[in-house]
Amino acid sequence: MGSQEVLGQAARLASSGLLLQVLFRVITFVLNAFILRFLSKEIVGVVNVRLTLLYSTTTFLAREAFRRACLSGSPQRDWSQTLNLLWLTVPLGVFWSLFLGWVWLQLLEVPDPDVVPHYGTGVVLFGLSAVVELLGEPFWVLAQAHMFVKLKVIAESLSVILRSILIAFLVLWLPLWGLYIFSLAQLFYTSVLVLCYVIYFTKLLSSPESTKQHTLPVSRITDLLPDFTRNRDFVNWKEAKLTWSFFKQSFLKQILTEGERYVMTFLNVLNFGDQGKMKFYSVLIKGVYDIVNNLGSLVARLIFQPIEESFYIFFAKVLEREKDATLQRQEDFAVAATVLESLLKLALLAGLTITVFGFAYSQLALDIYGGAMLSSGSGPVLLRTYCLYVLLLAINGVTECFTFAAMSKEEVDRYNFTMLALSSSFLVLSYLLTRWCGSVGFILANCFNMGIRITQSLCFIYRYYQESPHRPLAGLHLSPILLGAFALSGGITGVSEVFLCCDEGWPARLAHITVGAICLGLTLGTAFLTEAKLIHFLRTQFGVSKVTNKMT
């Protein structure tokens, strides 16, 4: 498979991921707005901080390293060894589920049973749901490696929709069940997700025509199960060692990703009621809290997460991990540089757009959603700070997806030492800034975290392409005209906010929105004229017709 074909598949996978994220966020937004009318803020806080953290930590630690290592393997590898390795995620998930479940029940503060009943059952079922989801890991990796876009869309959308329907039904008819509702719904969600993958591959492998069309490395559904009868090694030890390197990194990365929740959970910065209120308050403010996604998190996850996940697979396929840059296949090497440059430019433009216009429209967004309760306090400052974080989040997602796909095992091990120091400093900084600045401290600590990680990745990319004529970091350079357009738009919308938002009534608000729309249009038009290379990349790789006609 050529690099251009892989690029097209990665673009289609990213596009489908974007559509999925739109669906998920809309459903979640509406569902939680409904749920908050029936359940207490304490239950909301426990589910969205404590139990969700248990589930995400278990699945992340059990599978993230395996995904990164197995998706970057050679096309000529022995897939039976790769599948055997992937099945190790299940016992690893059982271990983390039991260990973390014990921590959650024995070492952490247990909520008042009168306020949050069935907490123990919730811990057990959320841990069990993580193990159930890991049963589908070999199927998921095989599907991702062959870029089965339609399967991903159907499986994830169906499971999310059915879970949402179940939650809505139970909240409406059995609100006293409390944590039972979310626990059963989570277990139901993971079961449906795994069944979708199992049923798909069962039907696919039972059809000779489909098997020939997709050229899969397995011919029967039983080939996806662990194989203990082989004379060769059970796993590919080179792949296993790379997995171990990524595992050490994933442990540290989880601290950086979920640091706020660990601080809240283990250091008792907020009580359960405060966590519940912050979940509600963060509907448009703090995307890392999962009760609802705020505008900043919504845009970040809609655009950047699908790109990072899909193009990690692209870079892992076209670049050989253990080879020096000068020994790479030059056509693939050049294509990777071009794609990285375009993705960096896209991330920078999207992040700048969110930051510049987010500063002037944070107060209006909060006022429309929650009225004076949100827009008159520290909410606008919190959301404006988060807009800056989104810019860093965008750039970091692109730089790390390339860096982790291109690093050798030794480089991953060296990077882990940096992650260790960064994780420690991040937790300390999160705690201190939260004590000094309140909720804004969480976001400021995240900005520090992202800034250091971006610097590390940029240094790697610079060294990687240093001996070649390719300069992908040029994607971080914008024309002075475009920078002037951003600065002018920021100034105009800032003045508009002072005079038109948000106490002058709806006519003034609409005028403020109109000013923003005009400035946004002019800024995007300037980008269209000055960034012809990026526009060509988007047209050729993310065209809607390509997504609909070639989705497989």
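Among contacts (heavy atoms within 4.5 Å) in the protein chain between residues at least 6 apart in sequence, 81% join residues at least 24 apart. The model is predicted; local features need pLDDT of at least 70, side-chain atom pairs count only at pLDDT 80 or more, and totals for chains, interfaces and linings use all residues. Residues are numbered from 1 along each chain as its sequence is written, and side-chain values use heavy atoms, with hydrogens and water left out.

The protein chain holds 22 helices and 0 strands. These elements are DSSP runs, numbered from the N terminus (helices: H or I, at least four residues; strands: E, at least two). The chain has 552 residues, of which 57% count as buried. Buried means under 20% relative accessible area, exposed over 50%, and partly exposed in between (1.4 Å probe, protein chains only).

Helix α2 spans residues 41–71 and contains E64. E64 is buried, at 16% relative accessible area. Its neighbours within four places in sequence aside, E64 is in contact with T59 and S250.

Salt bridges were assigned where a side-chain nitrogen of Lys or Arg lies within 4 Å of a carboxyl oxygen of Asp or Glu. The count by this rule is 11. One of them pairs R67 with E137, at 2.5 Å from N to O. R67 lies in helix α2 and E137 in helix α6 (residues 137–145), so this pair ties together parts that are 70 residues apart in sequence. Both partners are under cover: R67 is buried at a relative accessible area of 15%, and E137 is buried at 1%.

A salt bridge also joins the side chains of R220 and D223, with an N to O distance of 3.1 Å. D223 is partly exposed, at 24% relative accessibility.

K533 and E341 form a further salt bridge, their closest N and O atoms 3.2 Å apart. K533 belongs to helix α21 (residues 532–541) and E341 to helix α14 (residues 330–370), so the pair ties together parts that are 192 residues apart in sequence. K533 is partly exposed at 48% relative accessibility, whereas E341 is buried, with a relative accessible area of 17%. Elsewhere, salt bridges that share partners join R329, E331 and D332 into one network.
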